[in-house]
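Work through the exercises below with the structure open. Try each task before you read its solution.

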Amino acid sequence: MLDATLIKPHFPILKRTVHGVSLAYLDNASTTQKPLSVIEAIKSYYERSNANIHRGIHTLSEESTALYEATREKIATFIHANSEEIVYTKNCTESINLVAYSWGQENISQGDEIIISALEHHANLVPWQELAKRNDAVLKVIPLKDDLSLDMEIYRSLLSEKTKIVCVTALSNVLGIAPSLHEIIHQAHEVGAKVLVDAAQSVGHQKTDVKDLDCDFLVFSAHKMLGPTGIGLLYGKKKLLDDMQPFLYGGDMIERVRQYESSYREAPWKFEAGTPNIADGIVFKHAIDFLEGIGMEKIQKHDKELRAYAVELFSAYTQVTVYCPKNASGGIMSFSIAGVHPHDIASIFDSQGIAIRSGAHCAEPLMDRIGIPATARMSMYLYNTKGDIERAEMALQKTLKTFKI
Amino acid sequence: MDELYSEIILDHYRHPHNSGALKNPTVRVTEYNPLCGDAITMDVVVEKKGNVKEIKFFGEGCAISQAAASLLTDTLLGMSIKKIQQMSANDILQLLHIPISPGRMKCALLPLSVAKKAAAQIRMIKK
């Protein structure tokens with residue numbers, strides 16, 4: 001059992017107040033808060049080791065390089081990959097764009113098909129729309145069934161030899177649905193297609209094993225798992241990364257440079273042009289340490305329990321619609337109130353010190369599918385307590401009272 | 001916070017003035033707020049002199065944007081196109097008379113941007 005009351009004190013920001021009341025942070029699907037160990041590591045890095053990496057012979061540069069590469073090792077081990085399969089980017093969106101440009105440009109041609117799911121948020125949709133346009137390819141979408149799960153029968157019928165890549169989320173940021181990745185990946189491989197998994201919402205919340213999944217690419221962000229902003233990650237199978245052309249060109253990714261011709265380093269370094277976000281890359285290690293210290297199974301169980309508790313409390317109000325698909329597994333709960341716009345819900349929640357997200361959650365096509373312009377969303381993490389959910393319920397009552405519903 | 005949802009704002013939200021569509025508008029203009037997925041459409045009819053004769057709006061929106069549209073369309077009735085183009089964010093805040101946080105400013109100002117777009121289009125037509 002995870003005791004969130006013991007975890008909360010490690011997060012300084014959770015001690016602050018908002019509008020005179022203590023903060024209950026329930027917007028973790030947007031970004032997560034940072035433990036003291038991560039915050040102190042940033043300070044300590046700039047105080048002790050700051051230098052550019054991969055180029056200096058001096059002590060500080062060697063230290064920085066070693067720390068940066070040590071975190072790459074740490075990330076790789078965390079998702080059961082090898083360190084040469086981990087590329088640092090600036091965020092999850094850039095990771096997807098890297099694949100869409102570098103792999104996509106070489107491997108998608110006229111008439112080829114790209115499959116995505118109806119659950120995808122804009123980052124795992126727009127790069128593929130554009131790739132399809134550039135290369136005269138076709139974008140196909142796995143629709144949702146009435147119970148809001150992916151229609152796997154239609155998915156099977158969409159797959160063919162024309163399918164070159166399937167791009168799917170591991171956990172929907174709006175509905176908390178976890179598609180059957182094993183099945184999706186296995187079936188895609190049967191027709192020779194590659195699979196990219198958008199794991200932004202899952203890596204910090206459950207165990208991730210890329211070897212077991214057998215996905216070809218997997219992307220995620222440090223800031224959604226206690227780490228700093230500005231660090232995205234791309235996992236790619238070694239062979240695929242080796243065959244891909246660089247995405248950005250310049251310093252650090254080169255092997256030899258002549259005036260009119262250059263050669264490039266091996267993966268993953270050929271994808272990392274210019275001075276990277278060294279400090280944040282390094283301190284991400286402490287975020288993973290923190291998560292490992294708690295245990296991913298425990299975190300996943302805690303998310304689920306809080307979500308179930310929130311669903312139970314909020315479902316008791318007939319005026320409230322809770323979007324609670326049977327197959328949802330993450331700590332994410334979207335809801336709406338007839339007659340109250342989600343923006344107004346979020347404003348009233350904020351007045352009670354409760355941070356939630358409202359809007360289309362960067363998933364407009366999904367919102368169209370559910371038939372609403374926006375939802376309010378609570379998303380939980382390891383430092384949230386049942387008390388936070390109970391306070392959210394009080395804010396809900398306040399909302400209903402204000403709008404006389 | 002209770003000030004944000006004043007009785008006047010909630011009343012305009014629940015019973016918006018000038019809500020609906022016009023049959024033969026001089027212009028019909030829609031603007032979106034990509035942050036929240038809100039959309040407001042305004043239908044405007046101008047008389048010969050160039051003043052607003054009829055105005056109606058419809059769309060999806062929060063209490064703030066809907067109340068702002070209700071209050072704004074009341075103000076625009078009879079107003080000249082030139083005057084609409086001169087209106088500022090401050091005019092809207094004075095109409096609403098509630099504290100608007102930076103995050104909600106877009107909601108409050110969405111109706112004004114629709115009205116300004118409509119005014120610009122009317123000027124183009126009437127040239």
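**Exercise 1. Contact range.** Find what share of the contacts in chain B between residues at least 6 apart in sequence join residues at least 24 apart.

Solution. The model is predicted. Step one: keep the contacts in chain B whose residues are at least 6 apart in sequence. Step two: ask which of these join residues at least 24 apart; the share is 66%. Step three: repeat for chain A. There, residues 24 or more positions apart account for 71% of the contacts with a separation of 6 or more.

**Exercise 2. Overall build of chain B.** List the elements of chain B in order, then test its radius of gyration against the value for a compact globule.

Solution. Start with the count: five helices and three strands. From the N terminus, the order is α-β-β-β-α-α-α-α. Now the size. A compact globule of 127 residues would have a radius of gyration near 14 Å, and chain B has 14 Å, so the two agree. Along the principal axes, the C-alpha atoms of chain B fill a box of roughly 45 × 25 × 25 Å. Finish with burial: 43% of the 127 residues are buried.

**Exercise 3. The same test on chain A.** Decide how compact chain A is for its length.

Solution. Chain A holds 14 helices and 17 strands. Its radius of gyration is 22 Å, close to the 22 Å from the globule rule for 405 residues, so chain A is as compact as a globular protein of that length. The box around its C-alpha atoms is roughly 70 × 55 × 35 Å along the principal axes. Of the 405 residues, 51% are buried.

**Exercise 4. Helix α5 of chain B.** Compare the reach of α5(B) with the expected span, locate its kink, and say what covers its buried residues.

Solution. Take the length first. Helix α5(B) covers residues 105–126, which is 22 residues. From first C-alpha to last it reaches 32 Å, close to the 32 Å expected at 1.5 Å a residue. Next, the kink: about 30 degrees, centred on Pro111(B). Pro111(B) is also one of the buried residues of α5(B), which include Leu110(B), Leu112(B), Val114(B) and Ile122(B). Last, the cover. From chain B it includes β1, β2, α2, α3 and α4. From chain A it includes α12 (342–351).

Technical notes. Residues are numbered from 1 along each chain as its sequence is written. Chains are lettered from A and ligands numbered from 1 in the order in which they are written. This is a predicted model: local features need pLDDT of at least 70, side-chain atom pairs count only at pLDDT 80 or more; totals for chains, interfaces and linings use all residues. Helices (H or I, at least four residues) and strands (E, at least two) are DSSP runs, numbered from the N terminus. The radius of gyration is taken over C-alpha atoms; the globule rule is 2.2 Å times the number of residues to the power 0.38. A residue is buried if 20 or more other C-beta atoms lie within 10 Å of its own, exposed if 12 or fewer, and partly exposed in between; C-beta atoms are placed from the backbone. Two residues are in contact if their C-beta atoms, placed from the backbone, lie within 7 Å. The expected span of a helix is 1.5 Å times one less than its number of residues. The bend at a residue is the angle between axes fitted to the seven residues ending there and the seven starting there.
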